[in-house]
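The points below follow the display and may be read alongside it.

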Amino acid sequence: MKKVYLETYGCQMNVSDSERVATALGRDGFEVTADAAGADVVLINTCSVREKAEQKLYTQVGRIRHSEGPKPIVGVLGCVAQLEGETLLKKIPGVDFVVGTRAVGRVGSILNRTLDGESEIVDLGEREDEYDWTVADTHRHSPYVAFLPIIEGCNKFCTYCIVPFSRGRERSLPASDIIRHTLELKRRGVKEIHLIGQNVNSYRPETESGLEGFAGKSAFSRLLRAVAATGIERIKFTTSFPRDFHEDIVEAIETHENLCNWVHLPVQSGSNRVLKLMKRGHTIDRYIKQIDRMRASSRDIAITTDIIVGFPGETEADFRDTVELVKYCGFDSAYIFKYSPRPGTPAFEMDDTVSAAEKTLRFLELENTHKASQHKCLERYNEKVLKVLAEGISTRTENGISGHSTCHKVVNFVGDKAVLGSIVNVKITKVKANSMFGEVV
Ligand code: SAH
Ligand code: SF4
Ligand code: F3S
């Protein structure tokens, strides 16, 4: 039995693709191993969103080439594979085949062809059986939590972003399939599903099948209600696109307890001028209204975001607007990135006016501003009882259990292994930026 090691970078869509690839390979008679050493095949599922992410591929292949012992077969999957295609074979000696983002379903057969002696296979083609993957079972990142893609690709073409090029056009899965998958996962003991997509709220299926009778102006809010009606314990969704983030989504969260109180809404910049240059299609006024609406909600909604500093043309004044916005919003969490020019995107053609040193300064200042406002924002959890899904053992403390709250915080507590897979009431006693600690009540 050939041993396959799968390394994954990038977003949840890549994690989800890798889970499906691993499941399919297992079915095709390969042994999927968690150990890179001794693997006959190494598959690298790549990300291209920033230069640093892309660099990981080169580092990893270099490591394999210079390691001792027999060399494994190396296959490159994912976004870098899709963008570079066969040039990867020339650029990185040691790569045996390249599989694009929509061809991941064929990895097993490509691997078999490679083992039979065929060389340099490049497959950037479309999916064969659109969305008809059976729900990944054996190779999920958790037995209790499952990712469920509902929309693939992206049509937004924000000027800095490579994703529309690496993932292609938006395609929404039929709601009836999503509901069927949810029921199947529930039957298998999954407690929490994450509906995933580059922009989940741009969800627009070809038919209403599965959504009939559910309230909500947008198809996404109807989908949320339809999935909630399956009775699965918890539903989270990410990422939400501000332009399409309508109130009916918050209303759905308010009416269905199993829709979790967490919204990831990347703002990218606090300046309307920069947002325009980024072609985000939303304004700060509207964004603030969305934040205010969620803050006023009967559910205590945790709000997280992504921000880019140093976008081409970002002035000191634009950056100040971002700092003020972060102070105003008080995000539960903010992922801050330095702008990274991506070849092929419109922003790549703009003058990269902010120096590397200035980007670093802005990055550090914004991190500090965020940390201070986050500190205040997280205090509200102190002494609060959160419902935590016990997902695994925490090595930080003796008899430590770790899991996530409905508001998607990592919570550690002392407990018996027997609670794994169940939802536990935990009173928070210590709040830190990236995790919390509490006691079972
Ligand atoms: N679809 C999501 C984001 C997907 S990419 C959305 O529209 O919000 C994840 C994050 O990476 C983005 O939110 C953005 O903050 C960051 N990002 C994307 N391209 C980038 C680039 N060229 N440089 C720096 N950060 C980037
Ligand atoms: Fe990229 Fe914009 Fe699409 Fe998000 S919405 S994936 S940032 S192009
Ligand atoms: Fe990266 Fe591709 Fe996801 S570029 S962020 S792995 S869609």
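1. Which residues of the largest nonpolar core touch the most other members? In this predicted model, that core comprises 64 residues, and Ile193 and Leu195 are the ones with the most contacts to other members. Helix H8, spanning residues 219-228, gives the most to this core, contributing seven residues.

2. Leaving aside residues up to four places away in sequence, Leu195 touches Leu148, Ile150, Ile178, Val200, Leu224, Val227, Ile235, Lys236, Phe237 and Thr238.

3. Another core, of 19 residues, lies apart from the largest one. Among its members are Ala53, Ile64, Val76 and Ala81.

4. The residues around ligand 2 include Cys154, Cys158 and Cys161, together with Lys156, Phe157, Tyr160, Val163 and Pro164. Gln198, Asn199, Phe241 and Arg280 also belong to this shell. By class, the shell divides into eight nonpolar, two polar and two charged residues.

5. Strand E15 (residues 385-394) has two pairings to examine. With strand E18 (residues 423-431), E15 runs antiparallel, and five bridges join the two; Val385 stands opposite Lys427 of E18. With strand E16 (residues 400-405), E15 pairs in the antiparallel sense over six bridges, and Val388 has Ser405 of E16 as its bridge partner.

6. Finally, the hairpin of E15 and E16 has five residues between the strands. In this hairpin, Asn399 takes a positive phi near 55°.

Key: Residues numbered from 1 in each chain as written. Chains lettered and ligands numbered in written order. Predicted model: local features only at pLDDT ≥ 70, side-chain atom pairs only at ≥ 80, totals over all residues. Heavy atoms only, no water. Near = heavy atom within 4 Å. Nonpolar A, V, L, I, M, F, W, Y, C, P; charged D, E, K, R; others polar. Core = buried A, V, L, I, M, F, W, Y, C linked by side-chain atoms within 4.5 Å. Buried < 20%, exposed > 50% of the residue type's maximum accessible area, 1.4 Å probe, protein only. Helix = DSSP H or I, 4+ residues; strand = E, 2+ residues; numbered from the N terminus. Contact = heavy atoms within 4.5 Å. Pairing = 2+ DSSP bridges.
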